[in-house]
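Dear colleague,

I am handing over the structure we spoke about, and it is placed directly below. My notes on what was found in it follow, so please read them with the structure open.

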Amino acid sequence: MPVRTSPADAPLRIAVVADSDTRWKWGALTARRIAGRPPELAGFLLRGRATPTPRQLAEVGVAADALREVTMAEFLRAAEREPYDVVVLALVGGAAQAALHGLARLWPGHARRPVLVTGYVGVVYEKLADGLLLRHGADVVLANSRHDAERFRAVYEGVGADAAAVTEAALPFLGGAPHTPEPGRDTVVFAAQPSVPESRADRMYLLRRLIGHARRHPERDVLLKLRSKPGEHTTHIEEQPYQKLARSLDPPPNFRLVYGHMGEVLDRTDLLVTVSSTAALESLHRSVPTAVLTDLGVREALGNHHFIGSGCLASWDQLDAGHRPSPDPRWLAAQGVAPGEAYEGAFDAVRARLAELLARPALAPVSPYYTPVTAPGYLPGILARHHLAPDGTPLPGAAPETEATGVRRLVRDAVRDAARGAYRHGVQRVAPVIRRMGEL
């Protein structure tokens, strides 16, 4: 990798590689938070089923100095060629592990290389050990709260892995003006999630209760905040979009579907309702009354068990009757979402660690916990899904593409768009039908 020779006070050159709209938002905002000053931001969108569309990117509202769609091999080539100071891996666990092994191959010994940063987009309520061990090997593994930092270190230490990379920070997208009631405004927002709950029956239940709340309270604006439009993907697959389910119902005039930036929606929200969306943390940070639903149970599969002790658990019956949950301040502080000035210093620790790593003349080799020795039956499959050999080398056929121009580029992009559309059609239309047939 070329050695950086620019002045110490020059903007940090940060590359963010992401595989969905939510991870791009987390990665790009994390890059800005940890830099301490405006960075030069290069964005790489990993090609796959959840590669964000232009509309999704515009909704996220986080721009980069350069942004392009790549394969894993193309990203690794760029990382080798460009003098980045920091690389933020805003990826699902398996992709992060593949990137770490690919980057380890580029710098097998002590070298002047980028600082590697990774973490989680939101609440970590499932696959804690799996996700953490797939992210091991980064120089900085961000924890979004004190609670998460303690859990992360316990996992690493429990398997004998180095836990020094775990660094407490916070979700990078918290902020916005504190909630202020306005005379004549009464807005209830349900923050939908692509995969929680999963079944059609459970999603229809929630939709009917939301519409029922709108009918009981015609003086309120009742909004269903959606993450994506039909055919688009986010971090998770949405097989039963609420937009389609709502067509079979007859909602009242004060109920409507909304898209857009969550922060802008929260600007006019007086009660945020969800099953377990990270939007609840954004809402709590701004002191917006927030309810985490118990109607379908408090279960690990739903993720709402994360909010045990928060004071926010409630049912639709309680909300219909006028209940407004009151959050527990101690729980908020442990989760890194306490309102006020505490958030301003949430990234001090990671900035200090980053400065210390950047000041070193060389960094140690990238050393993930998973290797062909520790996980010979697991690691090769993870790397192969990203067209990498067990040593992190791109497999034949995964070589970086040459720049396509003119007609060739148009044809290539058209084929990719068609293939992605066919995949999404299969996921949202064909797969559910096959599953229902199998249940007969």
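**The parallel sheet and its surroundings**

Strands β8 (residues 187-191) and β9 (residues 221-225) run parallel to one another and are joined by five bridges, with T187 of β8 having D221 in β9 as its bridge partner. Please keep in mind throughout that this is a predicted model.

These two strands belong to an open sheet of six, ordered β10-β9-β8-β11-β12-β13, in which the pairing is parallel. Its edges are formed by β10 (255-258) and β13, each of which pairs on one side only.

Together with helix α10 (residues 279-285), β11 and β12 make a right-handed β-α-β unit. Strand β12 is in turn joined to β13 (residues 313-314) by two bridges, the two strands running parallel, and here V292 stands opposite L313.

Helix α7 (residues 200-216) lies across β8, β9, β10 and β12, and runs at about 160 degrees to β9.

**Cores**

The largest nonpolar core holds 73 residues, of which I14, W24, F190, L224 and V273 touch the most other members. Helix α1 (residues 21-35) contributes the largest share of this core, with seven residues. Apart from this core lies another, of 49 residues, which includes A95, A96, A98 and V141.

As for L224 itself, and leaving aside residues up to four places away in sequence, its contacts are F190, A192, L207, L210, Y242, F255, R256, L257 and V258.

**The chain as a whole**

The chain has 15 helices and 13 strands, and 52% of its 440 residues are buried. Of the contacts between residues at least 6 apart in sequence, 73% join residues at least 24 apart. The chain exposes about 19,000 Å², of which carbon and sulfur atoms supply 56%.

With best regards

How values were computed:
Residues are numbered from 1 along each chain as its sequence is written. This is a predicted model: local features need pLDDT of at least 70, side-chain atom pairs count only at pLDDT 80 or more; totals for chains, interfaces and linings use all residues. Side-chain values use heavy atoms; hydrogens and water are left out. Helices (H or I, at least four residues) and strands (E, at least two) are DSSP runs, numbered from the N terminus. Buried means under 20% relative accessible area, exposed over 50%, partly exposed in between (1.4 Å probe, protein chains only). Contact means heavy atoms within 4.5 Å. Accessible areas come from the Shrake-Rupley method with a 1.4 Å probe; for residues, only the protein chains shown count as cover. A nonpolar core is a set of buried Ala, Val, Leu, Ile, Met, Phe, Trp, Tyr and Cys residues joined through side-chain atoms within 4.5 Å. A crossover is right-handed if, with the strands pointing away from the viewer, the path from the first strand over the helix to the second runs clockwise. Two strands pair if DSSP finds at least two bridges between them. Axes are lines fitted to C-alpha atoms, for helices over the stretch in contact, and angles run from 0 to 180 degrees between N-to-C directions.
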